[in-house]
Amino acid sequence: MVRDLYNVRLQPVEGGSTPLTDEEERRARAVLFSELGNRIADRGWARFPAYSPEERRRLVDVAHRLSAHWGQQVFVEAEDPCALRLYLAGHGTPSVTPSLPYA
């Protein structure tokens, strides 16, 4: 039996990523700014997954924007190959990492 395939798209190359449009990138950064900013304001730090170099650059840019917005440095640290930690001074690397993912 032969089937016609409709709305079939090529998958990106293994390990590659699909770039966001300018509007999607702006909205993604705005959401990260708001959500991570609220988390950092509440407890002094936030952890977020970053699987690609683009995602890591996006989080570093959000940290710089938060630093400018608050007037105090928001530090960025890689916790492992798949997650970044954003934190304020005095809320650096904890001695015991919570077991909740991306808490």
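A: One term to start with is the nonpolar core, a set of buried Ala, Val, Leu, Ile, Met, Phe, Trp, Tyr and Cys residues joined through side-chain atoms within 4.5 Å. Buried means under 20% relative accessible area, exposed means over 50%, and partly exposed lies in between, with a 1.4 Å probe and protein chains only. Please keep in mind that this is a predicted model, where local features need pLDDT of at least 70 and side-chain atom pairs count only at pLDDT 80 or more, while totals for chains, interfaces and linings use all residues. Residues are numbered from 1 along each chain as its sequence is written, and side-chain values use heavy atoms, with hydrogens and water left out.

Q: Ok, so how many residues does the largest nonpolar core have?
A: The largest nonpolar core has 14 residues, and those with the most contacts inside it are Leu36, Ile40, Leu59, Leu66, Val74 and Leu86. Helix 1, helix 2 and strand 3 each supply at least two residues of this core; helices (H or I, at least four residues) and strands (E, at least two) are DSSP runs, numbered from the N terminus.

Q: Stepping back, what pattern does the chain follow?
A: Read along the sequence, the pattern is α-β-α-β-β, with 2 helices and 3 strands in the chain.

Q: And what order do the strands have in the sheet?
A: The sheet is open and its 3 strands have the order 1-3-2, with antiparallel pairing; two strands pair if DSSP finds at least two bridges between them. Strand 1 (45-49) and strand 2 (74-80) are the edge strands, each pairing on one side only. Strand 1 is joined to strand 3 (residues 83-88) by 5 bridges, and proline 49 stands opposite alanine 83 in strand 3.

Q: Where does helix 1 lie?
A: Helix 1 (residues 22-43) lies across strand 1, strand 2 and strand 3, and runs at about 140° to strand 1. Helix 2 (residues 53-70) also packs on the sheet, touching strand 1, strand 2 and strand 3, and its direction makes about 155° with that of strand 2. For these angles, axes are lines fitted to C-alpha atoms, for helices over the stretch in contact, and the angles run from 0 to 180 degrees between N-to-C directions.

Q: Is alanine 46 buried or exposed?
A: Alanine 46, which is in strand 1, counts as buried because its relative accessibility is 1%.

Q: New topic: how many aromatic pairs does the structure hold?
A: The structure holds 1 aromatic pair. The rings of phenylalanine 75 and tyrosine 87 have their centres 5.5 Å apart and their planes at 25°, so the pair is stacked. Rings of Phe, Tyr and Trp (its six-membered ring) pair if their centres lie within 6.5 Å, and planes under 30 degrees apart count as stacked, over 60 as edge-to-face and the rest as tilted.

Technical notes: Contact = heavy atoms within 4.5 Å.
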